[in-house]
Amino acid sequence: MRQTVSVGPQPRIRVDRISGDLVVRPGEHPGEHPGELQRVLIESDHALAAELVRGGKECLVLGDCRGDLTLWLPADAALSVGWLAGDGDIQGIRLCELEEARADLAVKRLSEALVLGRVAGDLRVQEVPLMRVRGEIGEGLVKEVERLEMSSVGGDLVVEGGGTVLLGSVGGDLRLPAVASSLRCGRVGGDAQVQGGTDTKVVLGQIGGDLELLGAAQVYIGGIEGDAVLRDISGEVEIGRISGDLDCREVMGQMRVSQVVSDAVLKKIHASLEMGTVEGDLSLQADFPPGSFTRLNVSGDAVLSLPAQANLTLRAVVGGSVSGAGLGQERGETRLLSLVYGSGEAQVELRVGGNLRLQGGDHPRADEGPWRSLLWSWEDFEQEMKAFGRTMTTLGQELAREMTRLAQDLARELAGAGVESSARWSEEVLRMLEEQARRAQERASAWERRFARFGPQRGGSRVRLRFQEHEWQMDPERLYRMLDQAQRAAAEGVAGAMEAVERALRNLGLVSSAEERWQASPPPSSGSKERTETPPMRPAASSAEQPGSQPAVSSQAAAESVSDPAPVAAVEHEHEREREAILRMIAEGRLSPEEGDMLLEALGA
């Protein structure tokens, strides 16, 4: 059934409920003279009530439609729909407002804006200057939208040719082949693929999958659960945590990353670089410009490619071998290095748990041989590592504060745009950032505990251990590693591993600081609760320095041996379990044969 209604310029058409589908097409254009009447053509399954209400602005109010509805509207018309049960196809008008659509919706060529509430189905939009979605949609494909403000997408979202994109959360994948001005998004459940330009600012709170970012001016990301690929960033980069690999190339500004759980490859880095932790291997090629600062903590191996005319000072703590131009290869448990290339104007600080390889660059300055002048003292090493741990904590806290501020700004902007669910996702992002700061603090505390366990005797760089007729010398780092391996073995089900290593080290003359304090204080009363935590250990010089001396027995151990009612058989069983734990750790490669022999002899095997 068809009916026609005459309306004035820029008419508003209101329909509360449509039970079927909706189709809107442009009809007559405005007349040449102001006030000239236009026509609205209405086609429906049943006759609709149509009332022309004149107030501040003329509005055509249509009654509820129990079937499908087709409207031919003037190009300057504004359409408002309360509830749409079927699919929607809207084209060629000025403005559309739709509170709720229960199926799919397609909108094309609006001259002013599209304002939506909730869309249960998929959304397809093209050529709209402003698009604002306050509720949730299923999936979305948006093309040529100058400004997009969207609260929540349950599935995937593709934005092609966007200018400014403001998103609350995307449950699936997010793909932006070309974003001109800025992208701000609280959370992406899947992968994110973004291609920007030299003026594009990217702020992402949390990404549940992988990130591929090609081209941006500035990048701020809270966390990435998968891998991250970044290319051609003209400004600074700040990232909280990357759970997978990092592949980053061509970064012109300062780059800071709190944690990379796997491997990291960075090439053509042109400014300062700070990375709290790389749990895997690192490959870095950078300019190291004068005045820049690079600080890296790598658990695995590291390869540094230096520029041909390197101008930097490099200080490193290396757990494995070190090789490079003019250095040959040096093997050992721990290398403490200080190298100067050129006039040393850039600063590079490294902690590498595995091997370090230096590529390119000139020969470093070394006046007294290739290594002697390059070794730090133990005191320098301890202070530097404590400072390094504090710096990494500061990095994590600074990143968390920066990301918190960005998330709060984004939440306020979304709320100002009428987005309803901004608080929910922003709170989740803030919790994630607080957890990152807490982990950074824990890593710094671990640094403190690690270097409080042992201290070398008489200021030397190695600990000398003597037991009966044998003597061992080793770096403190090696003792730390043995304790770390014992702790991991115990956590993975090797019964008695931690107790065996600690008892063997005590027998070698290493007593805990807690035991020394116990000896200096009155014994606890019989009703006090016994401390079960194993304290950190350090060498007791009185027993280790005397050749041929027997292991000292503390007063606490003597008291326990007198008061312990356990039968001798139980004690022997415990000692046998400890010896079996040491043998198993040797077989699994956790301990070297030399370390195992030393511990077994100290246990009395």
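Reader: Taking buried as under 20% relative accessible area, exposed as over 50% and partly exposed as in between (1.4 Å probe, protein chains only), how many residues of helix H4 are buried?

Author: Nine of the 11 residues of H4, which spans residues 497–507, are buried, so the helix is largely enclosed by the rest of the structure. This is a predicted model, in which local features need pLDDT of at least 70 and side-chain atom pairs count only at pLDDT 80 or more, while totals for chains, interfaces and linings use all residues. Residues are numbered from 1 along each chain as its sequence is written, and side-chain values use heavy atoms, with hydrogens and water left out.

Reader: Which residues in H4 are buried?

Author: They are Ala497, Met498, Ala500, Val501, Glu502, Arg503, Ala504, Leu505 and Asn507. Helices here are DSSP runs of H or I with at least four residues, strands are runs of E with at least two, and both are numbered from the N terminus.

Reader: Strands, then. Is S12 mostly covered or mostly exposed?

Author: Mostly covered, with six of its seven residues buried.

Reader: In what sense do S10 and S12 pair?

Author: Parallel, over six bridges. Two strands count as paired if DSSP finds at least two bridges between them. Ala101 stands opposite Val119 in S12.

Reader: And over how many bridges do S12 and S13 pair?

Author: Five, again in the parallel sense. One partner pair is Leu114 with Met131, the latter in S13.

Reader: What is the phi of Glu127?

Author: Near 60°, a positive value in a residue that is not glycine. Most residues other than glycine have a negative phi, and most peptide bonds are trans. Glu127 lies in strand S13, residues 123–137, and is partly exposed at a relative accessible area of 31%.

Reader: And the phi of Glu144?

Author: Glu144 has a positive phi of about 55°, and it is not a glycine either. The residue is found in strand S14, residues 140–153.

Reader: Changing topic: how many salt bridges does the structure hold?

Author: There are 23. The criterion is a side-chain nitrogen of Lys or Arg within 4 Å of a carboxyl oxygen of Asp or Glu.

Reader: Which residue forms a salt bridge with Arg94?

Author: Glu112, with the closest N and O atoms 3.0 Å apart. The pair links distant parts of the chain, 18 residues apart: Arg94 is in the loop between strand S9 (88–91) and strand S10 (95–101), and Glu112 in the loop between strand S11 (105–108) and strand S12 (113–119).

Reader: Is Arg94 buried or exposed?

Author: Arg94 counts as buried, because its relative accessibility is 13%. Glu112 is partly exposed at 37%.

Reader: How far apart are the closest N and O atoms of Arg577 and Glu574?

Author: They are 2.6 Å apart, in a salt bridge. Both residues sit in helix H8 (residues 568–587), and because they are three residues apart, about one helical turn separates them. Arg577 is partly exposed at 27% relative accessibility, as is Glu574 with a relative accessible area of 28%.

Reader: Which residues do salt bridges with shared partners join into one network?

Author: Glu274, Arg295, Arg315 and Glu349.

Reader: And what does Asp247 form with Arg249?

Author: A salt bridge, the closest N and O atoms being 2.8 Å apart. Arg249 counts as partly exposed at 27% relative accessibility.
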